[in-house]
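These are my notebook entries on a set of chains. I set down what I looked up, in the order in which I looked it up.

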Amino acid sequence: MKELINKLSKDFNITDAVYQRPSLTFVTVPKGVAISLVTDLRDYEGYSHFVMMSCVDWIEEGKFQLLYLLHNPETKTDIGVKTFIDRENAEMASAHHLWKQVWTYQRELKEAFGIDFPGSPRVDEDFVVEGWVEMPHMRRDFDTKEYSENTYFPRPGRETNDPATYMRKKLYPNEPITAKKQDNDK
Amino acid sequence: MTIYAKLGYTLLGLFIVLNWGFLMGATFRKIGARLAGRYGIPFYQPWLNLLKNISIRTTITHGIMYYIGPVFRLTGGVGLFLFMPMVFTGSPNGLWTNFSFEGDLILILYFQVFGMLGMALGAGQGGHPYSAMGIARGLAQHAAVELPLTLAFLSIAIQFDTFSVYKIVEAQQGGFENWILFTNPFAAATIILAMLGAMGHSPFNLVKAPNEILIGPATEFEGTYLGFMQSAGSILHVMEAVLFMNLVFGGANSWIELIVKTFLIYFWSVFVGMVFPRFKIEQSVTWFFKVPLLLGFLAIIIYSL
Amino acid sequence: MSEKDMNDKVNEMLQRSETNVKKAEKTFIHPEDEEREVVAPDGSIIKINPIYDYFSNEKPTEEKPCSGVIEKFLNWARAESIWVLGFGTGCGSIEIPPLVTPRFDMFRFGVQMRPTPRQSNAFIISGYLSVKTLKRVIRTYEQMPSPKYILALGSCTINGGMYYDSYSTINRLDKYIPVDVYIAGCMPRPEALLAGFMKLKELIKEGKGEKANEYARNFDEYKANQKKIIKDWNMPDYNW
């Protein structure tokens, strides 16, 4: 794996590499390089199987982190290509020309995070939630509980307990709650 | 006997046939349940279902043919009954011979298809795409069943030189060795095999199987229409059994004999259905075009030579 | 064609596509279902509105029960022959198949499954109900002939259950369609479902299974609640 990363860093601006385990590595590259790196991995390094694509909301830094996970069926190794994009007006170059299933992932990300992929087929269509008009629902600043309370007629009288605290009180009522346990509660 | 008395006896016969059909249907499901290790429905469930269907308040219509579909189906069953001698009493104008006449075998063959065609028109007007698919499948299978069945009927007609069911029954009187089962074994074998398709139980029940995605013609029908179709189905089941009893197993001399014989005939198809899983339409069509059709040809050839 | 004509045509096309895009943003109706003018086979131009042309748009009306003994007799028949629609909405739908197995065997109580809404009386809302599914449930419920009954299975239909804070699942089913019997639990066992059927039978025999009429009576209220959460209402108001 290290050899591959060394080889790749000659051509691509790899800012970070994490060796998770012998068969799994994550590399981080700037936004503009990501698609060309994925293409290179697919065409020359044997990472021909597209496993999945996902997104993490780094709200404190104002960024979205995109992950393209690829698999090499011959060496049985995985490589994840990570890249950061801006949270405001999030937009990323589309990879729909590499694998057809990328269409669906990009459609999902468009709906769930509001990331636009110009040129990706059917990217504007509804994916899972039909007729959604609010802020994209997987963004961390979307308060799902508040939305649910305002929209879905919560039944009055319902009590909600934190399962861990509730069970500890019920099973060990005499034991004082220590600092360590309190940490766990958070 | 006046025509009014005749009509009275015919209506009474229809009532008996309807209830016997319901009871047989319930017994069939009960046997299926017991084979699966379940307790199964109560034996009076079909009557409850009929009552429930009649008591449905909403009726939805898609046009005149939509109404007429279930009526046609019921007409097919009742027509089959009207021209079929039920119990042989020694005279063509007996109490339970209904309105059978010379050449009623041809009419009966027609009435077998009549209900199906009516349903095709009704379901077609319903506009549900699955109904049309179900009808297409049903008619395809029905055509495959009718071909060997008609050949066997013709063979029997040639054998006794008549198209009257009454005369065919009359010719089989005087002991079981005179039954067509023994005098014309090829025609009898054809009928016994093709009967499985005509009865419409598993393995040939894909057309009306409720668990298929396409439940077929009945998709759009509800309430009273469905009640009509259930009654028609019960009458048809009994009448098919009576037809085969008359043609192959020597008819019946009393209602008791009729009930015993139709029970056994009906349960021949039920027992086969309990053992064999459902056929696809193309499988069942090819099945009928193999052994039953060949036997039908043999039966015809032997009696035309 | 002169250059000006060409420009005009391009501008016109651009404008049309812009209006199309704007329309698509505003409404969720599929282009095939939009109200528009079409050329009939005989050459005349006719206006069509597929959603209202294909479906009946009449409000449901209350259907009066028969009187006295007759209604009691019919109610007995209805209670003893409950036909359930085979429609699973959430995790609870896995509790329904055991009912036809030898261990639970709902057939002995006259409960049977039907594959089409036209032939069924009872509808089991089995578990959490997302807004997307609610849309299908409403369409199916309205297609069932009255009298019709709803069994709500699991805590999710009562107060949201463990999905009480989800953005896509509803909290209270009875705000959107009238419910006859609630079966509490997460998940209720098949025995609980059978007990629910027994309760439903009691209710029907007492003449209390008239929720379809209640739906017709409070139709506007139910419709308003449904439309509040189904933002892409691209079907007729009442479809049967």
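**Entry 1: contacts between chains**

I looked up the contact between chain A and chain C, which takes 16 residues from chain A and 18 residues from chain C; two residues are in contact if their C-beta atoms, placed from the backbone, lie within 7 Å. By class, the side of chain A that touches chain C has six nonpolar, six polar and four charged residues. In this classification Ala, Val, Leu, Ile, Met, Phe, Trp, Tyr, Cys and Pro count as nonpolar, Asp, Glu, Lys and Arg as charged, and the others, Gly among them, as polar.

I note that this is a predicted model, in which local features need pLDDT of at least 70 and side-chain atom pairs count only at pLDDT 80 or more, while totals for chains, interfaces and linings use all residues. Residues are numbered from 1 along each chain as its sequence is written, and chains are lettered from A and ligands numbered from 1 in the order in which they are written.

I then turned to chains C and B, whose contact takes 20 residues from chain C and 27 residues from chain B. On the side of chain C, helix α3 (residues 68-80) gives the most, with four residues. Helices (H or I, at least four residues) and strands (E, at least two) are DSSP runs, numbered from the N terminus. That side of chain C divides into eight nonpolar, five polar and seven charged residues.

**Entry 2: chain C**

I found eight helices and seven strands in chain C. Of its 240 residues, 38% count as buried (20 or more other C-beta atoms within 10 Å of the residue's own, C-beta atoms being placed from the backbone). Among contacts in chain C between residues at least 6 apart in sequence, 80% join residues at least 24 apart.

**Entry 3: nonpolar cores**

I looked up the largest nonpolar core, which has 67 residues; a core is a set of buried Ala, Val, Leu, Ile, Met, Phe, Trp, Tyr and Cys residues joined through C-beta atoms within 7 Å. Those with the most contacts inside this core include M84(B), A152(B) and V242(B). Helix α9 (residues 223-248) of chain B gives the most to this core, with 16 residues. Leaving aside neighbours within four places in sequence, I find V242(B) in contact with M84(B), M86(B), L258(B) and T262(B). A second, separate core of 50 residues includes A79(C), L134(C), L153(C) and V181(C).

How values were computed. A residue is buried if 20 or more other C-beta atoms lie within 10 Å of its own, exposed if 12 or fewer, and partly exposed in between; C-beta atoms are placed from the backbone.
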